Amino acid sequence: MLGAMQDFDLRVTHIIDHAAREHGAREIVTRWADGSETRTNWAEVRRDALKMTQALRRLGVGKGDRIATLAMNHSRHLVSWYGAVGVGGVLHTVNPRLFEDQLDYIANHAEDQVLLYDAAFKPLVERMKPRWKTIRHFICFDDGEFEAWIGAEDGNTDWATGDERDPCMLCYTSGTTGNPKGVLYQHRSTMLHAITGLQPSIFDFDARAVMLPVVPMFHAASWGLPWSGAAAGIKFVFSAVNDAAVLCELMNREKVTHSAGVPTVWLATFQHMDATGTTLPNLRHAIIGGSAAPRFMLERLMKAGVNVAHAWGMTETSPIGTTGAKSWDWDDLPFERQVDIKQMQGRVPFGVELRTVDLGDPETVLARDGKTSGALQVRGPWVIKRYFQAEADCVNANQWFDTGDVGIIHPDGTLQLTDRTKDVIKSGGEWISSVELENAAVGHPAVAEAAAIGIYHPKWDERPILVVVKKAAMEISADELKAHLAQSVAKWWLPDAIEFVTEIPHGATGKISKKDLRDQFRDYKLADA
Ligand code: ADP
C-alpha cells in the first residue's frame, strides 16, 4: 500500500514558480562590471527563464544536455540557472579562474553544448574555442546579446517535466590532485538542500532579508543561495566585480542584511573598512565557509552584532554540511566561549550524518569525545554517490563518503576540523594540525596570511614550516611570531622555520593551494636535517 498524498515532484522549477507567485515584486539588483546597475524581480526572472527555455529548444538543446556558464554573479546568470534546468538540461557552472588545461578538460568531459559567458571572459573564450570540441553555441551575457537571444521569445511555455532524480546541475571540484571531478546534482537533492538552507542556523532568511552573495555562482553552486534565496523570496544584490569598495558601497546603499563568502573576502572587506572608516550597520548575518574562519574575524563580526554562520561543506555535499548553530545555553555563555564555538565548524542540520574513523583504519569508528581526531566521513540525501562519468561509486557499502578532511567530533555533535588528510603534518608518528598553526599565526596583527606545510626530516619524518605574508607596512620577526604561536599551540608543534614571502599561491576558489606551496618548497632543507 502507498500513502495517499500528492505526487509532487521535487523539481527545482517549483522554486522559481513559488518565488514569482509569492514574492514576484521582490527586487534583484545587479551592479555590472562597467559600473551600471539594473533592477529586476522574481516574476521577471521566471519570465526570462521561460523565454530562455524556448530559445534553447529552438537550438535543439533539451533534456540532459549540458548548458555551461562562465560568469560572475548577476541577474542574467541567475536567469540562466532557471532557464537551463527549466528546459530539463544540466546547468554546468564553470570556474573562470581555472587553468586553461583544466577548462579544456572539464568542458570536454562534461560535453557541454552551450556556453553563456561574460564579456569580461571573451578573450579566454576565443582562446579556448578550438579546444572545446562539443560546444555548439556561444552566447555572451553582455552587449545586448543574451537579451536579444531570449527577447525573440514570448515566454509562453512550460517547464520540462521528468523524474525528480533527473540531473539538474554539474559542478567540478578543482581537485588538489589529478583532473577535476564532476559532481552531478539531482533536482531532488538540490530541492532538499534548498529547503535545508532555510533553517535559521544556515542562511537565516525571512521576507526582510537582503543578501549580497560574494561567493561566486561557480563556487559549489554559490552554496545553494540562488535556490534557497528564491524559495524564501529574498532580495538579492549581485555585484559582477569583487572589489571591497564596491561591495561596501552596495551593502550600505541597498541595506544588505546578509552576506556570504570565503574568509579572504572578509579580510579584504575589513582592510577597506579600516582604510576608509566605513561601517556596515545593516549587516545581521554573515556566512563564512570554504576554509577555516580565523578567530579575529569571528570576534570582529560578532562584536559588530553580526551573527556568524561559520560553515563547513564541499562541492560533493552540495555543499551544506555543518554550520555554527547556537547551542541551547548560548545566551548564558561568556563572549570568549561563544567565539570558541563559532571557530569550530558547527553542527549538522537534519539530513546530514557525520562520523570520524581512524586515519590508518577506516573500519574503526571513533568516539565523539571532543579529543580524538580522525578522517571525516559524511552521508545524506545531498551527498555525492559517484563522480560524473566515473565507473565506480565513491562511497562505501553504507554510503559513507570520505571527505579528505580530518576532524574531531564533540559530544554535542560539533565538528572541529583540524586538517585535510593530505595536509596533516606527521612528526615522530604524531599529527600536527596545519590549520591550528595557521589560525594562531593570522591571529597576530602583523600577519596577513599564513600556511603551514610539512618538510621532510630524517628523524621526525616531517616537521612544520610556516610560510607567512606580512601585512603592508607591518614588521614582525620569526622569533616574535614563534613567541606568539607558543601561547596557543604545543611546543613540539612550533614550526622549525618561518619563511616570509610576498605571496602565497591560491587555487581557483580563492583558497590557499598547499599543493603549489609544497611544490615551491620541494627542495627546502631544514637547518638540522
Ligand atoms: P575545492 O577543493 O575546489 O576548494 P570545495 O569548495 O568543495 O572545493 O572545498 C571543500 C573543502 O574546503 C572541504 O573539504 C574542507 O577541506 C574545506 N573547507 C570548507 N569549509 C571549511 C571550513 N569552514 N573550515 C575549514 N575548512 C573548510
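The legends below describe close-up views of a predicted model.

Local features need pLDDT of at least 70 and side-chain atom pairs count only at pLDDT 80 or more, while totals for chains, interfaces and linings use all residues. Residues are numbered from 1 along each chain as its sequence is written, and side-chain values use heavy atoms, with hydrogens and water left out.

**View 1. Residues around the ligand.** The ligand is surrounded by 17 residues (a heavy atom within 4 Å), the closest being S174, A311, T315, D405 and K511. By class, 5 are nonpolar, 9 polar and 3 charged (Gly counts as polar). Domain 1 (13–343) and domain 2 (353–420) each supply at least three residues of this shell; the bounds come from an automatic or database domain assignment.

View 2. A polar side-chain atom of H310 is 3.0 Å from a ligand nitrogen atom, and a polar backbone atom of A292 lies 3.2 Å from a nitrogen atom of the ligand. An N or O atom in the R420 side chain is 2.9 Å from a ligand oxygen atom. Of the 570 Å² of accessible area that the ligand has on its own, the protein covers 91% (Shrake-Rupley method, 1.4 Å probe).

**View 3. Strands at the ligand.** Two or more shell residues come from each of β13 (307–313) and β18 (415–420) (strands are DSSP E runs of at least two residues, numbered from the N terminus). β13 gives the most, with 4 residues.

**View 4. Domain 1 against domain 3 (425–520)**. Here 14 residues of domain 1 contact 10 residues of domain 3 (heavy atoms within 4.5 Å). The C-alpha centres of domain 1 and domain 3 are 32 Å apart.

Definitions and conventions: Polar contact = N/O pair within 3.5 Å; in protein donor to acceptor, adjacent residues only side chain to side chain.
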